[in-house]
Amino acid sequence: MPHSTLKLIPGVDQNRTLALNEAAISESNLIRFIPDKQNIALVQKLGGWVKYFNASLPTVVRALWAWEDTNATTYLGVGAEGDANNGAGLSVISNGQRTVLTPTITELDLGIYTQSASIYTPFFFACTGAASGSTATIQITGYHFFEIGDYVYITGMSNSYYNGSFVVTAVPAYNQFQFTISTLAAATATGGSVGYGNGFVTRAGSATVDVYIPGSNLNSYSSIYIKTPISVGGIVLFGLYRTQYVSINNFQITARDALGDPQPAVTNSASVNPGLGNMPVFRFTNEQSIVYVYFPDHNYQAGDIFPVIDTVNAGTVRLLGNYTVLNVGDENGANTTTQFSIGADNTATRINPIQFTGTGTVASVRVSLGYGVTRGDSITIIDCPTAGYNVTNGRVVDVTTTSTYTEIKYLSSATGTVDSSTPGFSACLLLVTYALSNAGFADIIVYRSPAPLPTGTGFGVGGYGVGGFGNGVIPPSPSAATTATSGTGSVVTITYNSTNLFNVGDQALISGVTPAGYNGLYTVATIPATNQITFAGTTIGAQTVAGTITNLTTAGAPITVTDWTLDNWGSDFLSCPVGDGIFIWSPDTGSSLASIIAEAPPVNDGMFVAMPQRQIIAWGSTFTGIQDPLLIRWCDVNDYTSWIALPTNQAGSYRLPRGSRVVGCIQGPQQGLVWTDLAVWAMQYVGPPYVYQFNELGTGCGLISRKAAASMNGIVYWMSQSQFFMLGASGVEIIQCPVWDVIFQDLDTSNLDKIRVAPNSRFSEITWYYPTMSNGGEVNAYVKYNIALRQWDFGTLSRTAWINQSVLGPPIGAGIDDQGTYYIYQHETGQDADGVAMNSSFQTGYFVLSDGEFKLFVDQVWPDMKWGLYNGNQTAHILLTFYVTDYPGQTPRTYGPYNISIDTEFISPRFRGRLLSIKIQSDLNETGTFWRLGAMRYRFEQDGKF
C-alpha cells in the first residue's frame, strides 16, 4: 500500500471554510509557530507560565511596568481597578513583597463663609441662640442648609460663648440646628449671624493664602485641587496647589498666576478665620442664551476661556465645559469687576408649572421632568392665580424628583392647592433666574501624601526642598489603637488612645477588632469624650482583641480608578489613573503612597515618558480642568514640575487638528507615536522653540483602544477598529489577518478599553487579548501574530495586563484564573499553565484524500513528533483525533482520540472517506512536557466510489 506525508501549511486561517483551508490549521489554542531553515512554520506547544507573585490580588490588574532603581533593585509596578473600599489600585512588588501605593483623596463640598446675605451668597443668616445643658440650639431667619457634621461660624452674638466655630450635631427643624457647648447650662443670645466655617484668608502683597477647613489635618506634602473657581482678596484660586501644614484646621497654599509665578493678593480678605470666598453665580434671562456670571474680582477679559467643571442645570440651560467670555460687565456694561457674560448652548425658557401646594411656610411647585433646578438656586414665578405663590428670585430650599415630575420647595406664606383645574392657571410661568456653582459649595479634592517627596530631582529644588516644604510641624496621625469597644445592639462606643481625632459626621474605619462585627466603615454619631466616639451598630459585647480606628474623612480614601498608564522617571515610579492627575512615588523616601505632581495637568487620559530627552507626555489633557480629548501637553526636559511653556524651558502643548480624541500614545522607535480614532501621528523631538513636530503618518488606521499598540524590533504594530496595521520603513501597512472572523465578529465592543497588546520579543510574537461578547465584559481570548513568519493563531486565555521581557526577565502578564481570582504570572518559564496541564491543541482544515470519484482507505498512521525538550525527558503524550467525511457540510465521523507517545510506532484508525481533518491536543493528565509536530505519515489505498 502507498504511503504519504501530512504536510501542514503554516499559520491558522479561520476566515476560510474547512474545505477551502486544505492542509492548513483552522482551530488553535495555546500553540505557537517556530520557523525553520526552509521557512516552514513548525507548530508546537506554547511556553508555560508560573505565578510571579504568589498571593492573589483583590481586583483585576489593568497595567504593569518594570524598572530598576540606581541601587539595582528591581520593581514591578501594578495598576489595578480600585475604589474606596479595597484601596488596591496602585502597588509595587519588590523582593517578593507587595506595597500598596494607591493615592488617597478626600472629596469636599464646602460651604464658604461670607459676611453678608444676598442673592449671590445664600448661606449667611441672622440668628439667635438658646442652650439647654450642653446643647446649644440656634434659630435662624429663613431656611438653612446646614447638615450634621458641617462646621459653622457664628459671630456677633450678645453672649460671646456662642461665637466661634462649631460642628452641627442635630437639625431639629428647617430653621434650627444644634451643637455641643460646654460652658453654658442655660443661656440665650441675640443679634448674631452664622455661615459655614470654611474660608480663605489673604494678605495684601502676599501670595500666601491661609485655608481654614476644620479637621483638614493636611501636611506639607499634600495637595488640593480647587475645581470651582474661588475669588478672594482680588485673586482667583483654581487648580492644583501644594499645601503647607499650620494646624489641624488650617493650612497654606501659594496663589499663582497663569505663568506659574506667585500672585500676591490685592486686599486683605479677612482679619480672622474662617476667612472668605466667592464662587461664580449664573444669572439667566427668559428667551436668552447669554448667561451673566457674577464673580467678584474675576480678572477675566473678553475672549478668555471660563471653565465650568461642575455641571450647572438651570431650567432649559445646561453648562459644562469651556466657555468664551463674551463681554466684561453686566448687560449695561457696568459692574466690570464683578460680572461677565458667556454664551450657553440653549436658551433659558419659562415653563408652565403643574401644581402648587403650600403649608403657610414652605410652598411646593411641581414642574416637568428635565427642567433643571438645584437647592440654593433662585426661581421667579409670575401670574399664578394665588398671588402668594408668585415670587421674584425666591430661594429654592429643597428639590425632589419622582418618576413623573420634579418638586421644588421655596419659602412662601401661601396655602392650598393650585393646578390646572384652577381658572387662570395656564398663564402661570416659572423660570430659574440664578444658579449656583456646585449648588453653592466649593468643590475641592484633597490629595494626601504621608511622607516627604524625593530630593535631588523636581521635588528637591526650589520651593520643595526649602522653607515650609522641607521642614515644619508634623500633623497628628489620623489613626489610633482602640482601647475599649462595647455595643448595646444599637449603639457602639469606641475608646481610642489619642484625642480629638473625630468630629460628628466623620467616617471612621475600624479594623482588626475582635469581635469582628465591630470592623467596618461607620459615621460618627456622637463624641462623649475627646478620646471616644459612638455610632450605630448591632454588635454586642466588649472587645477581646484591640484594633485600629482611622478617620477616613481626614486620612482620605483610596481613589476610584478603572485603568492606569505607568512609566518610570529614573528610579521614581510614575502613574496616571485615567481621567486624573499624574502621580509619583520614589523608593528612596519610603513614602507609603504615591503623591500627585501638583504642577502637572489635573486631568489626563494617559501619559508616557519620552526618550532620550526625558519629558512626561500627557494626552487627553487640559489647561482649564475641562478635559480636551485632542490636547497633548509635556513638561520641561528633566523637570516634571515645570509644565507652563516659557522661553526659558521646553514645556509645551499641541492640539491635534483632526479626529475626535487621542486614543493612545507610546514611545516608538526614535519618536513618539500618537493615535486618534482616525489616524496615527508622529511626534518628533526637534528642540526649542517648537520642541516637537507633529506629522500625520496615515489615516483610516486609528487605534481601537488605549493599550492596543506596541513596538518590537523597530516596527510598531496596532489593532484598529476593523484591521491590524504596522508602521515600518515603508510607512503604514495593513497586516493581512486570516483570523479576522475570530476577533472582529466576537469582540465585545462595549469593553474595548480592556484590549491589551502583548509583545513577546523572545518568540517574535505580538498578541492581542480581548473580551468576547459571551464573557461578561472581561478579557478571555486572544489572537497572536508571529512577525517573523507573518502567521497568526488564536485561543482562549485571560490576560488583562502585560509587559514584554524586561529587567525582571521573561514577559509578565496579569490574568484571571478559572475561579475568578486575580494573579500575576511570568511567562516562558516552563511547560505548564501555572502548575497544571496546558490545554494546547490545533485542528486542521480538510485534507482531500482523493480528488477523483474514489474514496480512500487509511489503515495506519505513523506519528512523528518531538516528545520533549532538547536533552530532556521525551515523555510527552498527545491525543490524536481524526474527523472524516465525504462532503464539506456533512457531520464528520470521529476516530479517536488516540493517546500517542514516543513509544507509539503506529496506530490503525481504519477509516474511509474523501475529506480528513486532524486534531492534536495535549494530554491533560500530564504536566512538565513539551511537543512539536514533525512529519506524520499514513498508509492508504483506493476503496470504492461515491
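A residue is called buried when its relative accessible area is under 20%. The structure described here is a predicted model, and in this model both Tyr120 and Tyr434 are buried.

A pair of aromatic rings is described by the distance of the centres and the angle of the planes. For Tyr120 and Tyr434, the ring centres lie 5.9 Å apart and the planes stand at 80 degrees, so the arrangement is edge-to-face. Tyr120 belongs to the loop between β11 (104–110) and β12 (125–132), whereas Tyr434 is part of strand β36 (residues 429–436); the pair therefore ties together parts that are 314 residues apart in sequence. The count of aromatic pairs in the model comes to 49.

A second pair, Tyr143 and Tyr174, is stacked, because the ring centres are 5.1 Å apart and the planes are at 25 degrees. Tyr143 is found in the loop between β13 (135–140) and β14 (151–155), and Tyr174 in the loop between β16 (170–173) and β17 (176–180), so this pair ties together parts that are 31 residues apart in sequence. Tyr174 has a relative accessible area of 32% and is partly exposed. Both Tyr143 and Tyr174 are members of one aromatic cluster, which also includes Phe123, Phe125, Phe145, Phe146, Phe166, Phe177, Phe179, Tyr196 and Phe441.

The charged end of Arg32 is placed over the ring of Phe763, at 3.7 Å from its centre. Lys51 lies over the face of Tyr823, with a distance of 4.5 Å from the ring centre.

Attention now turns to a sheet. Strands of a sheet pair through backbone hydrogen bonds, either parallel or antiparallel. In the order β62-β63-β64-β65, four strands form an open sheet with antiparallel pairing. Its edge strands, each pairing on one side only, are β62 (756–760) and β65 (791–796). On average, neighbouring strands of this sheet are turned by 20 degrees against each other, direction ignored. Within the sheet, β63 and strand β64 (residues 779–786) are joined in the antiparallel sense over seven bridges. Pro771 has Val779 of β64 as its bridge partner.

Strand β63 (residues 765–771) contains Thr767. The relative accessibility of Thr767 is 6%, and this residue therefore counts as buried. With neighbours within four places in sequence left aside, Thr767 is in contact with Arg756, Val757, Ala758, Tyr782, Val783 and Lys784.

How values were computed:
Residues numbered from 1 in each chain as written. Predicted model: local features only at pLDDT ≥ 70, side-chain atom pairs only at ≥ 80, totals over all residues. Heavy atoms only, no water. Phe/Tyr/Trp six-rings, centres within 6.5 Å; stacked < 30°, edge-to-face > 60°. Helix = DSSP H or I, 4+ residues; strand = E, 2+ residues; numbered from the N terminus. Buried < 20%, exposed > 50% of the residue type's maximum accessible area, 1.4 Å probe, protein only. Lys NZ or Arg CZ within 6 Å of the ring centre and 35° of its normal. Contact = heavy atoms within 4.5 Å. Pairing = 2+ DSSP bridges. Axes fitted to C-alpha atoms, helices over the stretch in contact; angles between N-to-C directions.
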